[in-house]
Amino acid sequence: MRVLITGGCGFVGSSLALACRAAGHEVICLDSLMRRGSELLLERIQAVGATFVHGDIRQSDDLARVGPVDVLLECSAEPSVLAGTRGDGARYMVDTNLGGCVHCLEFARRTGCGLIFLSSSRVYPYDYLLRGAYAETAERLEYAGGLQGVSPAGVSTACPLDGRRSLYGATKLAGELLLQEYADAFGVPAIINRCGVIAGPWQLGRSDQGFAAFWMARHYFNLPLRYIGFGGSGKQVRDILHIDDLCALIGKQLAVLDRFRGEVFNAGGGRPGSVSLCEATAICRSLTGRVLAITSEPANRPRRHSVVYHRFGAGRGDL
Ligand SMILES: NC(=O)c1ccc[n+]([C@@H]2O[C@H](COP(=O)([O-])OP(=O)(O)OC[C@H]3O[C@@H](n4cnc5c(N)ncnc54)[C@H](O)[C@@H]3O)[C@@H](O)[C@H]2O)c1
């Protein structure tokens, strides 16, 4: 199979490139290398024989240069929930996340390839999720009811989508909706994976890449940390999905992609793979032997909805 990975020098894209090469696929990674550190991952994908195309997803001609492929894995994005909210970055973020997604859809329609879209749990509105009841235990907040589509197992795909979700989440949801219409109108084989927090080797440990590597890196390098929001005690909870598990999932989806036309899956660690910040601190302490003085900011900041992990369990469309 000939596989094109947009954002192929990012954390997820490069990991998928290695997994696809190991499965015997021909792999082309398109990336603008705008993310600092992606040049390190470029060496990694080239070492396994993936082809690199320097291109910008905002330019449809850059995609066209790749030529026909069997499937496109769309992993290029500004992936932070805060993306576009500072300075004048909103336009760049929308052009990359949504405009880039549209270029991928057009590419799939024109060339007849399948498409797997890396979406996000950030499509679920934080203002809706904050209306739930949460019980406080010694180490974490536990969901205690009051919301449709949410259970003690987490957030399911039945969760209502009406509400505020961040600019980033909005670009992902808009991309999902367009993808489903392209799949319906033009028969594009397509799957949407709504990923929660992903973590694993070769993640660069920046705060905008998710808290897992960031929390560990701050311990490792003995740098300050702060519990922000939800009372400031670090009891907010998220699930974590290991990158190898995501690669295994997408490997299985590649084999059956022809059967799908834009179905949505939640893909994450579920409750068994969830951790609160203070639980994460305990893990990092035991691994590094370092005890950081963690400060506290009790008030919630906008767009933080890390009260519950994302559910990845029961119900159609949930894994
Ligand atoms: N990492 C996570 O926890 C997580 C969670 C949910 C969803 N996702 C989604 O997974 C995908 C990959 O995320 P990631 O963590 O690998 O991010 P990343 O920042 O590590 O990788 C993104 C890659 O896209 C490239 N890129 C950015 N703008 C581009 C442009 N205009 N043209 C071409 N390339 C461009 C960057 O250089 C980078 O290599 C994203 O769509 C993200 O929304 C990630």
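Analyst: Begin with contact, which means heavy atoms within 4.5 Å. This is a predicted model. By that cut-off, H219 touches L225, T281, C284, R285, T288, R290 and L292, leaving aside residues up to four places away in sequence.

User: Where does H219 lie?

Analyst: In helix α7.

User: Is H219 buried or exposed?

Analyst: Buried means under 20% relative accessible area. H219 has 0% relative accessibility, so it counts as buried.

User: Which backbone oxygen lies 3.0 Å from a polar atom of the H219 side chain?

Analyst: A polar contact is a pair of N or O atoms within 3.5 Å. Here the backbone oxygen is that of W215.

User: Now the sheet. In what order do the strands come?

Analyst: Two strands pair if there are at least two bridges between them. Three strands form this open sheet, ordered β11-β13-β15, with mixed pairing. At the edges are β11 (197–199) and β15 (274–276), each pairing on one side only. From one strand to the next, the twist averages 45°.

User: How many bridges join β13 to β15?

Analyst: Three, and the two strands run antiparallel. Strand β13 covers residues 237–242.

User: Which strands does helix α7 touch?

Analyst: Helix α7, residues 211–220, packs on the sheet and touches β11, β13 and β15. For its direction, compare N-to-C directions on a scale from 0 to 180 degrees. The direction of α7 makes about 95° with that of β13.

How values were computed: Residues numbered from 1 in each chain as written. Predicted model: local features only at pLDDT ≥ 70, side-chain atom pairs only at ≥ 80, totals over all residues. Heavy atoms only, no water. Helix = DSSP H or I, 4+ residues; strand = E, 2+ residues; numbered from the N terminus. Buried < 20%, exposed > 50% of the residue type's maximum accessible area, 1.4 Å probe, protein only. Polar contact = N/O pair within 3.5 Å; in protein donor to acceptor, adjacent residues only side chain to side chain.
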